[in-house]
Amino acid sequence: MPKSISDLSVDELGGPGSVLVRQRDDHVELDRLLRGIEAAEGVEQNDLLRALCRLVFPHAFAEEAVLWPIIRKHVPEGEKLTLDIEREHQQINELFSDLEAMPSQDPDREPLLQSIFELLRQDVRDEEDQLLPMLRAAMTDRQLRRTGVMWSIVRRAAPTRPHPVVARRPPGNVVSAAPLTVVDRARDRLDRLSDHASPIVARPSHIGSRGLAAVAGAIEHIPPLTRGEHPSTRTTRR
């Protein structure tokens with residue numbers, strides 16, 4: 001069994017800019033944010049949760065749109081392993097959607113957060129210990145760096161919110177990027193205003209964010225955005 005990428009040096013991972021280095025850097029930041037959220041509450045926790053979403057969902061989108069298709073091509077076990085992780089991503093999307101709909105004082109919020117955190121940590125281990133070491137063995141340093149550039153470009157222009165209805169695979173997820181990214185990033189700004197601005201600004205910001213959530217929900221159900229989905233990751237939600 002190849003060594004976990006968490007145990008390898010930057011050079012062993014293909015050098016600076018390698019997709020494996022970029023993946024691991026995001027995982028380190030993920031761990032930092034999870035520990036911060038667990039120690040925070042109120043508005044501070046909400047800010048950290050938004051930061052978590054801005055990390056998790058673009059990261060996963062870039063994996064599903066760029067990295068997993070490459071792994072399915074180069075790694076013999078790639079189809080099964082990427083499908084397992086896509087299922088984890090689908091669970092994470094659905095749980096985060098539940099969290100978005102939940103009032104901040106709901107007693108079920110904390111158990112839901114812990115379920116999300118457990119899944120995120122399991123996802124990191126599955127990637128670093130199983131899937132990504134196989135990619136390291138299958139690709140040259142140059143290929144890993146080239147893939148890292150593509151992955152980073154896609155990540156910067158990816159949605160920042162959960163979208164459980166959208167396909168986890170191309171072409172659906174790729175087609176969804178442009179409209180959902182615009183809506184998500186507008187919601188991010190409105191939600192921050194809702195938490196930090198004066199009441200005269202906070203209330204309409206909250207209403208605006210809810211309205212954009214409805215827009216995103218309608219966009220998710222446009223048929224091209226659900227194409228490419230594996231049956232086992234297709235949501236039953238409407």
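**Note on the predicted model: pocket, salt bridges and cores**

1. The largest pocket has a volume of about 600 Å³. This is a predicted model: local features need pLDDT of at least 70, side-chain atom pairs count only at pLDDT 80 or more, and totals for chains, interfaces and linings use all residues. Residues are numbered from 1 along each chain as its sequence is written, and side-chain values use heavy atoms, with hydrogens and water left out.

2. Terms for the pocket. The search runs on a 1 Å grid over the protein atoms alone; a pocket is an open set of points where a 1.4 Å probe fits, with protein on both sides within 12 Å along at least five of seven lines. Lining residues have an atom within 4 Å of a point. Grid points are joined across faces, edges and corners, and the volume is the space filled by probe spheres set on the points.

3. The lining. The largest pocket is lined by 21 residues. Asn46, Arg50, Glu100, Arg109 and Asp191 lie nearest its centre. At least two lining residues come from each of H2 (42–74), H3 (78–100), H6 (172–196) and H7 (199–220). Helices here are DSSP runs (H or I, at least four residues), numbered from the N terminus. H6 supplies the largest share, 5 residues.

4. By class, the lining has 9 charged, 6 polar and 6 nonpolar residues. Asp, Glu, Lys and Arg count as charged; Ala, Val, Leu, Ile, Met, Phe, Trp, Tyr, Cys and Pro count as nonpolar; the others, Gly among them, are polar.

5. Salt bridges. The count comes to 20, with a side-chain nitrogen of Lys or Arg within 4 Å of a carboxyl oxygen of Asp or Glu as the rule. Asp26 and Arg155 form one of them, at 2.8 Å, N to O. Asp26 lies in H1 (residues 19–39) and Arg155 in H5 (residues 141–156), so the pair ties together parts 129 residues apart in sequence. Asp26 is buried, at 11% relative accessible area. Buried means under 20%, exposed over 50%, partly exposed in between (1.4 Å probe, protein chains only).

6. Glu79 and Arg169. Their side chains meet in a salt bridge at 3.0 Å, N to O. Glu79 is in helix H3 and Arg169 in the loop between H5 and H6, 90 residues apart. Glu79 is partly exposed at 37%. Arg169 is buried at 12%.

7. Glu100 again. This pocket-lining residue pairs with Arg161 at 3.0 Å, N to O. Arg161 sits in the loop between H5 and H6 and Glu100 in helix H3, so the bridge joins parts 61 residues apart in sequence. Arg161 is buried at 7%; Glu100 is partly exposed at 29%.

8. Nonpolar cores. A core is a set of buried Ala, Val, Leu, Ile, Met, Phe, Trp, Tyr and Cys residues joined through side-chain atoms within 4.5 Å. The largest has 26 residues; Val19, Leu20, Leu67, Trp68, Ile71, Leu132 and Leu135 touch the most other members. H1, H2, H3, H4 (109–138) and H5 each give two or more residues. H2 gives the most, 8. Apart from this core lies another, of 23 residues, among them Leu48, Leu55, Leu99 and Met102.

9. Ser18 is in the segment before H1 and is buried, at 0%. Leaving aside neighbours within four places in sequence, Ser18 is in contact (heavy atoms within 4.5 Å) with Leu13, Leu144, Arg145 and Gly148. On that basis, Leu20 is in contact with Ile5, Leu13, Leu132, Leu135, Arg136 and Leu144.
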